[in-house]
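Here is a short briefing on the bonds and charged pairs that link side chains. Look at the structure first, then read on.

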Amino acid sequence: MASIWSVVALAALTGVAGCSGTAQSAPESTFVLLDGSKKTAADLKGKVTLVNFWATSCVTCVAEMPKLISTYDKYKGQGYDTVAVAMSYDPPSYVVNFTETRKLPFKVAIDNTGAVAKAWGDVQLTPTTYLVNKRGEIVKRFVGEPDFADLHKLIEKLLAET
């Protein structure tokens, strides 16, 4: 039987679309943002959006955050957005403190019930990141820190689509 790590590695290599190449719509879910407002997966349509599942206790998540910020800053004026979803086990006070001290410029949500992570493929490993096209379809899933040069190329390709 394959170990969980070989399954994770395979999933990371193939992305969410797998071998079939068919895009999957972003799952119905509601993001509760730090300011108390709500966004749904349907609200993602019309922009290229990066949905990043992370935790303040995740060393890789903390290390990649400056790259997520610079990616957001580079593309935000071109129809690009980011939603950082803190995992259910992350204390909300830690998430707020991290967001404020690091001056995160994008939307931050707290998945206090775990329902968002469950809807997006039962996300358990952080960071797990999804790139969603303007039609609201998941184009790519990254488990672990993405190769940001490749991510930027993909974002540019998706932004160029009508």
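A search of the whole structure, which is a predicted model, finds one disulfide. Salt bridges come to a count of six.

**The disulfide**

- Cysteine 58 and cysteine 61 form the disulfide. Their sulfur atoms are 2.3 Å apart.
- That distance qualifies because the cut-off for a disulfide is a pair of cysteine sulfur atoms within 2.5 Å.
- A disulfide is a covalent bond between the sulfur atoms of two cysteines.
- The torsion about the S-S bond of cysteine 58 and cysteine 61 is about 80 degrees, so this disulfide is right-handed.
- Are these cysteines buried or exposed? Cysteine 58 is buried, with a relative accessible area of 10%. Cysteine 61 is buried too, with a value of 0%.

- Arginine 135 forms a salt bridge with glutamate 137. The closest N and O atoms of this pair are 3.2 Å apart.
- Arginine 135 also forms a salt bridge with glutamate 161. Here the closest N and O atoms are 3.7 Å apart.
- Where do arginine 135 and glutamate 161 sit in the chain? Arginine 135 is in the loop between strand E7 (128–132) and strand E8 (137–143). Glutamate 161 is in the segment after helix H5 (148–160).
- Salt bridges that share partners join Arg135, Glu137 and Glu161 into one network.
- Arginine 135 is partly exposed, with a relative accessible area of 44%. Glutamate 161 is also partly exposed, at 25%.

- Aspartate 122 forms a salt bridge with lysine 118. The closest N and O atoms of the pair are 4.0 Å apart.
- Lysine 118 is exposed, with a relative accessible area of 56%.

Methods:
Residues are numbered from 1 along each chain as its sequence is written. This is a predicted model: local features need pLDDT of at least 70, side-chain atom pairs count only at pLDDT 80 or more; totals for chains, interfaces and linings use all residues. Side-chain values use heavy atoms; hydrogens and water are left out. A salt bridge is a side-chain nitrogen of Lys or Arg within 4 Å of a carboxyl oxygen of Asp or Glu. Buried means under 20% relative accessible area, exposed over 50%, partly exposed in between (1.4 Å probe, protein chains only). Helices (H or I, at least four residues) and strands (E, at least two) are DSSP runs, numbered from the N terminus.
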